[in-house]
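User: Please take me through this model. Begin with how its elements are named.

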Amino acid sequence: MVELKGEEKRRYVGDMFSRIAGRYDLMNALMTFGMDRRWRRQAARRATEGLRGPVLDVATGTGDLALELERMAAPAEVVGVDLLDPMISRAARKGARGSRPRRLTFMVGDALSLPFPDGSFGCVTSAFSLRNMPDLELALREMVRVTRPGGRVLSLETMPGTKGVLRPLAGFYFRRIVPIVGAVVTLDVAAYSYLPRSVDRFLSPDALSRLFTAVGLEETRHQPMALGAVHLHWGDKPL
Ligand SMILES: C[S@@+](CC[C@H](N)C(=O)[O-])C[C@H]1O[C@@H](n2cnc3c(N)ncnc32)[C@H](O)[C@@H]1O
(Lines give C-alpha, C1' and ligand atoms only; values in the text may rest on other atoms or scores of the structure.)
Protein backbone atom coordinates (compact mmCIF):
# COMPACT_ATOMS: atom_id res chain seq x y z
CA MET A 1 0.00 0.00 0.00
CA VAL A 2 1.02 3.58 -0.69
CA GLU A 3 0.62 4.56 2.97
CA LEU A 4 3.38 2.14 3.97
CA LYS A 5 6.77 3.44 5.04
CA GLY A 6 10.19 2.02 5.88
CA GLU A 7 10.77 -1.72 5.78
CA GLU A 8 7.13 -2.54 4.99
CA LYS A 9 7.14 -0.22 1.97
CA ARG A 10 10.47 -1.64 0.77
CA ARG A 11 8.99 -5.16 0.92
CA TYR A 12 5.72 -4.15 -0.76
CA VAL A 13 7.44 -2.26 -3.57
CA GLY A 14 10.07 -4.99 -3.99
CA ASP A 15 7.46 -7.76 -4.31
CA MET A 16 5.41 -5.69 -6.75
CA PHE A 17 8.28 -4.81 -9.11
CA SER A 18 9.57 -8.40 -8.97
CA ARG A 19 6.16 -9.62 -10.15
CA ILE A 20 5.86 -7.17 -13.04
CA ALA A 21 9.52 -6.98 -14.13
CA GLY A 22 8.87 -9.03 -17.30
CA ARG A 23 6.11 -6.68 -18.51
CA TYR A 24 7.53 -3.42 -17.13
CA ASP A 25 8.94 -2.06 -20.40
CA LEU A 26 5.83 -2.96 -22.38
CA MET A 27 3.60 -1.20 -19.86
CA ASN A 28 5.80 1.93 -19.92
CA ALA A 29 5.54 2.10 -23.70
CA LEU A 30 1.77 1.49 -23.71
CA MET A 31 0.73 3.86 -20.95
CA THR A 32 2.94 6.75 -22.10
CA PHE A 33 2.26 6.14 -25.84
CA GLY A 34 6.03 5.74 -26.21
CA MET A 35 6.73 9.22 -24.85
CA ASP A 36 8.81 7.88 -21.95
CA ARG A 37 11.74 7.51 -24.36
CA ARG A 38 11.67 11.23 -25.14
CA TRP A 39 11.42 12.11 -21.43
CA ARG A 40 14.42 9.94 -20.63
CA ARG A 41 16.39 11.53 -23.47
CA GLN A 42 15.64 15.01 -22.09
CA ALA A 43 16.57 13.85 -18.59
CA ALA A 44 19.88 12.40 -19.80
CA ARG A 45 20.69 15.58 -21.70
CA ARG A 46 20.04 17.77 -18.65
CA ALA A 47 21.87 15.40 -16.29
CA THR A 48 25.05 15.33 -18.37
CA GLU A 49 25.40 19.10 -18.99
CA GLY A 50 28.99 20.00 -18.06
CA LEU A 51 29.55 16.44 -16.79
CA ARG A 52 32.85 15.60 -15.13
CA GLY A 53 33.16 12.02 -13.93
CA PRO A 54 31.13 8.83 -14.08
CA VAL A 55 27.33 8.65 -13.86
CA LEU A 56 25.07 6.73 -11.48
CA ASP A 57 21.41 5.89 -12.18
CA VAL A 58 19.69 4.94 -8.92
CA ALA A 59 16.75 2.47 -8.97
CA THR A 60 17.58 1.94 -12.61
CA GLY A 61 14.96 -0.77 -13.15
CA THR A 62 15.36 -2.26 -16.63
CA GLY A 63 18.07 0.31 -17.38
CA ASP A 64 16.48 2.59 -20.00
CA LEU A 65 17.74 5.86 -18.49
CA ALA A 66 21.18 4.34 -17.87
CA LEU A 67 21.37 3.33 -21.54
CA GLU A 68 20.39 6.84 -22.61
CA LEU A 69 22.97 8.30 -20.22
CA GLU A 70 25.65 6.04 -21.66
CA ARG A 71 24.94 7.44 -25.12
CA MET A 72 25.15 11.06 -23.94
CA ALA A 73 27.87 10.82 -21.31
CA ALA A 74 30.57 9.34 -23.55
CA PRO A 75 33.33 8.63 -22.69
CA ALA A 76 32.20 8.55 -19.04
CA GLU A 77 31.27 5.25 -17.38
CA VAL A 78 27.67 4.68 -16.29
CA VAL A 79 26.52 2.52 -13.38
CA GLY A 80 22.91 1.46 -12.82
CA VAL A 81 21.87 0.16 -9.41
CA ASP A 82 18.52 -1.37 -8.35
CA LEU A 83 17.17 -3.26 -5.38
CA LEU A 84 15.89 -6.14 -7.47
CA ASP A 85 17.71 -8.83 -9.39
CA PRO A 86 14.79 -9.41 -11.84
CA MET A 87 15.10 -5.74 -12.92
CA ILE A 88 18.90 -5.65 -12.99
CA SER A 89 19.22 -8.87 -15.00
CA ARG A 90 16.91 -7.40 -17.67
CA ALA A 91 18.95 -4.17 -17.70
CA ALA A 92 22.19 -6.17 -18.02
CA ARG A 93 20.79 -8.12 -20.99
CA LYS A 94 19.88 -4.87 -22.76
CA GLY A 95 23.31 -3.44 -21.96
CA ALA A 96 25.01 -6.48 -23.48
CA ARG A 97 23.21 -6.14 -26.84
CA GLY A 98 25.23 -5.09 -29.88
CA SER A 99 28.88 -5.56 -30.60
CA ARG A 100 30.42 -2.27 -29.46
CA PRO A 101 32.23 -2.20 -26.08
CA ARG A 102 29.97 -0.77 -23.37
CA ARG A 103 30.80 1.64 -20.58
CA LEU A 104 27.88 0.36 -18.56
CA THR A 105 27.67 -1.68 -15.36
CA PHE A 106 24.47 -2.87 -13.67
CA MET A 107 24.40 -4.05 -10.07
CA VAL A 108 22.01 -4.84 -7.24
CA GLY A 109 22.04 -2.28 -4.42
CA ASP A 110 19.84 -0.28 -2.08
CA ALA A 111 19.17 3.40 -2.81
CA LEU A 112 19.08 4.06 0.95
CA SER A 113 22.60 2.77 1.42
CA LEU A 114 24.43 3.19 -1.87
CA PRO A 115 27.52 0.97 -2.10
CA PHE A 116 29.87 3.81 -3.18
CA PRO A 117 32.23 6.20 -1.38
CA ASP A 118 31.35 9.89 -1.02
CA GLY A 119 31.81 12.00 -4.16
CA SER A 120 32.16 9.09 -6.60
CA PHE A 121 30.01 10.43 -9.47
CA GLY A 122 29.77 13.49 -11.69
CA CYS A 123 26.00 13.11 -11.78
CA VAL A 124 23.41 10.93 -10.09
CA THR A 125 19.94 10.36 -11.54
CA SER A 126 16.70 8.66 -10.66
CA ALA A 127 13.66 8.09 -12.91
CA PHE A 128 10.15 7.27 -11.70
CA SER A 129 11.65 5.95 -8.48
CA LEU A 130 11.65 8.58 -5.73
CA ARG A 131 7.93 7.91 -5.15
CA ASN A 132 8.77 4.31 -4.37
CA MET A 133 11.45 4.97 -1.78
CA PRO A 134 10.81 3.78 1.78
CA ASP A 135 12.47 7.02 2.97
CA LEU A 136 12.52 9.78 0.35
CA GLU A 137 14.80 12.20 2.19
CA LEU A 138 17.37 9.51 2.97
CA ALA A 139 17.34 8.39 -0.68
CA LEU A 140 18.03 11.97 -1.82
CA ARG A 141 20.74 12.44 0.82
CA GLU A 142 22.43 9.28 -0.47
CA MET A 143 22.29 10.61 -4.04
CA VAL A 144 23.89 13.85 -2.86
CA ARG A 145 26.53 12.03 -0.78
CA VAL A 146 27.85 10.00 -3.73
CA THR A 147 27.86 13.06 -6.05
CA ARG A 148 31.16 14.91 -6.30
CA PRO A 149 31.22 18.64 -5.42
CA GLY A 150 30.09 20.57 -8.50
CA GLY A 151 28.19 17.51 -9.76
CA ARG A 152 24.47 17.22 -10.49
CA VAL A 153 21.54 15.32 -8.96
CA LEU A 154 18.48 14.85 -11.18
CA SER A 155 15.06 13.26 -10.83
CA LEU A 156 12.50 12.45 -13.54
CA GLU A 157 9.18 11.75 -11.86
CA THR A 158 5.45 11.44 -12.44
CA MET A 159 3.74 14.10 -10.33
CA PRO A 160 0.28 15.16 -9.29
CA GLY A 161 -1.15 18.09 -11.23
CA THR A 162 -1.70 18.08 -14.97
CA LYS A 163 -2.62 21.68 -15.76
CA GLY A 164 -5.48 23.25 -17.70
CA VAL A 165 -8.54 21.94 -19.49
CA LEU A 166 -7.03 18.48 -19.98
CA ARG A 167 -6.80 17.89 -16.22
CA PRO A 168 -10.04 15.84 -15.84
CA LEU A 169 -9.20 13.81 -18.92
CA ALA A 170 -5.66 13.10 -17.71
CA GLY A 171 -7.01 12.16 -14.26
CA PHE A 172 -9.53 9.77 -15.80
CA TYR A 173 -6.89 8.17 -18.00
CA PHE A 174 -4.39 7.77 -15.17
CA ARG A 175 -6.79 6.63 -12.43
CA ARG A 176 -9.24 4.53 -14.46
CA ILE A 177 -7.66 3.40 -17.74
CA VAL A 178 -4.05 2.75 -16.71
CA PRO A 179 -5.02 0.32 -13.88
CA ILE A 180 -7.20 -1.69 -16.30
CA VAL A 181 -4.54 -1.83 -19.03
CA GLY A 182 -1.96 -2.70 -16.34
CA ALA A 183 -4.10 -5.53 -14.99
CA VAL A 184 -4.61 -6.98 -18.48
CA VAL A 185 -0.98 -6.67 -19.56
CA THR A 186 0.73 -7.76 -16.33
CA LEU A 187 -2.09 -9.92 -14.87
CA ASP A 188 -1.39 -7.98 -11.66
CA VAL A 189 -4.29 -5.88 -10.43
CA ALA A 190 -2.42 -4.28 -7.52
CA ALA A 191 0.62 -2.87 -9.35
CA TYR A 192 -1.04 -0.37 -11.67
CA SER A 193 -3.61 0.64 -9.05
CA TYR A 194 -0.67 1.49 -6.80
CA LEU A 195 0.79 3.77 -9.50
CA PRO A 196 -1.88 6.55 -9.52
CA ARG A 197 -2.22 6.40 -5.73
CA SER A 198 1.53 6.75 -5.27
CA VAL A 199 1.49 9.80 -7.57
CA ASP A 200 -1.48 11.40 -5.77
CA ARG A 201 0.30 11.04 -2.43
CA PHE A 202 3.69 12.26 -3.65
CA LEU A 203 5.11 15.75 -3.15
CA SER A 204 4.13 18.64 -5.40
CA PRO A 205 6.83 19.84 -7.82
CA ASP A 206 7.54 22.86 -5.57
CA ALA A 207 7.80 20.71 -2.45
CA LEU A 208 10.25 18.34 -4.15
CA SER A 209 12.26 21.36 -5.24
CA ARG A 210 12.42 22.56 -1.63
CA LEU A 211 13.55 19.10 -0.54
CA PHE A 212 16.35 19.20 -3.13
CA THR A 213 17.51 22.44 -1.51
CA ALA A 214 17.07 21.06 2.03
CA VAL A 215 19.38 18.10 1.30
CA GLY A 216 22.14 20.48 0.23
CA LEU A 217 21.70 21.10 -3.50
CA GLU A 218 21.93 24.56 -5.01
CA GLU A 219 20.60 26.11 -8.21
CA THR A 220 17.64 23.75 -7.83
CA ARG A 221 15.27 23.93 -10.79
CA HIS A 222 12.38 21.99 -12.22
CA GLN A 223 10.75 21.70 -15.59
CA PRO A 224 7.30 20.30 -16.40
CA MET A 225 6.84 17.88 -19.27
CA ALA A 226 3.73 16.15 -20.65
CA LEU A 227 1.46 19.03 -19.51
CA GLY A 228 2.89 18.81 -16.01
CA ALA A 229 2.23 15.10 -15.48
CA VAL A 230 5.98 14.49 -15.46
CA HIS A 231 8.67 16.75 -13.99
CA LEU A 232 12.41 16.99 -14.20
CA HIS A 233 14.09 18.29 -11.04
CA TRP A 234 17.79 19.00 -10.85
CA GLY A 235 20.27 20.72 -8.60
CA ASP A 236 24.03 20.96 -8.20
CA LYS A 237 26.17 19.97 -5.23
CA PRO A 238 28.12 23.00 -3.97
CA LEU A 239 31.86 23.08 -4.77
C1 LIG B 1 9.03 2.61 -11.42
S2 LIG B 1 10.50 1.71 -11.42
C3 LIG B 1 11.60 2.80 -12.28
C4 LIG B 1 12.68 2.08 -12.99
C5 LIG B 1 13.54 2.93 -13.92
N6 LIG B 1 14.26 3.94 -13.20
C7 LIG B 1 12.76 3.53 -15.06
O8 LIG B 1 12.97 4.69 -15.36
O9 LIG B 1 11.97 2.83 -15.68
C10 LIG B 1 11.04 1.83 -9.75
C11 LIG B 1 12.30 1.05 -9.47
O12 LIG B 1 12.74 1.38 -8.15
C13 LIG B 1 13.37 0.23 -7.64
N14 LIG B 1 13.51 0.40 -6.18
C15 LIG B 1 12.52 0.51 -5.27
N16 LIG B 1 13.04 0.67 -4.03
C17 LIG B 1 14.39 0.67 -4.17
C18 LIG B 1 15.47 0.81 -3.27
N19 LIG B 1 15.29 0.95 -1.94
N20 LIG B 1 16.73 0.76 -3.76
C21 LIG B 1 16.95 0.61 -5.09
N22 LIG B 1 15.96 0.46 -5.99
C23 LIG B 1 14.69 0.50 -5.55
C24 LIG B 1 12.45 -0.89 -8.06
O25 LIG B 1 13.07 -2.15 -7.99
C26 LIG B 1 12.12 -0.46 -9.50
O27 LIG B 1 13.01 -1.03 -10.42
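Analyst: Helices (H or I, at least four residues) and strands (E, at least two) are DSSP runs, numbered from the N terminus. Residues are numbered from 1 along each chain as its sequence is written. The model is predicted, so local features need pLDDT of at least 70 and side-chain atom pairs count only at pLDDT 80 or more, whereas totals for chains, interfaces and linings use all residues.

User: How many helices and strands does the protein chain have?

Analyst: The protein chain has 9 helices and 7 strands.

User: What percentage of the residues is buried?

Analyst: Of the 239 residues, 41% are buried. A residue is buried if 20 or more other C-beta atoms lie within 10 Å of its own, exposed if 12 or fewer, and partly exposed in between, with C-beta atoms placed from the backbone.

User: Of contacts between residues at least 6 apart, what percentage joins residues at least 24 apart?

Analyst: That share is 70%. Two residues are in contact if their C-beta atoms, placed from the backbone, lie within 7 Å.

User: Turning to helix packing, at what angle do α2 and α7 pack?

Analyst: Helix α2 (residues 24–31) packs on helix α7 (residues 167–186) at about 150°, and their axes are 10 Å apart. That makes α2 roughly antiparallel to α7. Axes are lines fitted to C-alpha atoms, for helices over the stretch in contact, and angles run from 0 to 180 degrees between N-to-C directions. Angles under 35 degrees count as roughly parallel, over 145 as roughly antiparallel, 65 to 115 as roughly perpendicular and the rest as oblique.

User: Which residues in α2 and α7 meet?

Analyst: From α2, Leu26, Met27, Leu30 and Met31 meet Val178, Val181, Gly182, Val185 and Thr186 of α7. The residues of this contact divide into 7 nonpolar, 2 polar and no charged. Here Ala, Val, Leu, Ile, Met, Phe, Trp, Tyr, Cys and Pro count as nonpolar, Asp, Glu, Lys and Arg as charged, and the others, Gly among them, as polar.

User: Is Met31 buried or exposed?

Analyst: Met31 counts as buried because it has 20 C-beta neighbours inside 10 Å. Leaving aside residues up to four places away in sequence, Met31 touches Val178 and Val181. The C-alpha atoms of Met31 and Phe174 are 8.7 Å apart, although 143 residues separate them along the chain.

User: How far apart are the axes of α7 and α8?

Analyst: The axes of α7 and α8 are 7 Å apart, at an angle of about 155°. The two helices are therefore roughly antiparallel to each other. The residues of the contact of α7 with α8 divide into 8 nonpolar, 3 polar and 1 charged.

User: Which residues of α8 are buried?

Analyst: In α8 (residues 191–200), the buried residues are Ala191, Tyr192, Tyr194, Leu195 and Pro196. The cover over them includes α1 (6–20) and α7.

User: How many residues of α4 are buried?

Analyst: In helix α4 (residues 64–73), 8 of 10 residues are buried, so the helix is mostly covered by the burial cut-off. Its buried residues pack against several elements, including α3 (36–47), α5 (85–95) and β4 (121–127).

User: Now the backbone. Where is the peptide bond with omega near 5°?

Analyst: That bond runs from Ala74 to Pro75 and is cis. Pro75 lies in the loop between α4 and β2.

User: Which loop holds Ala226?

Analyst: Ala226 lies in the loop between β6 (218–225) and β7 (230–236). Ala226 has a positive phi of about 50° although it is not a glycine. With 17 other C-beta atoms within 10 Å, Ala226 is partly exposed.

User: And what is the phi of Phe33?

Analyst: Phe33 has a positive phi of about 55° and is not a glycine either. Phe33 sits in the loop between α2 and α3. With 8 C-beta neighbours inside 10 Å, Phe33 counts as exposed.
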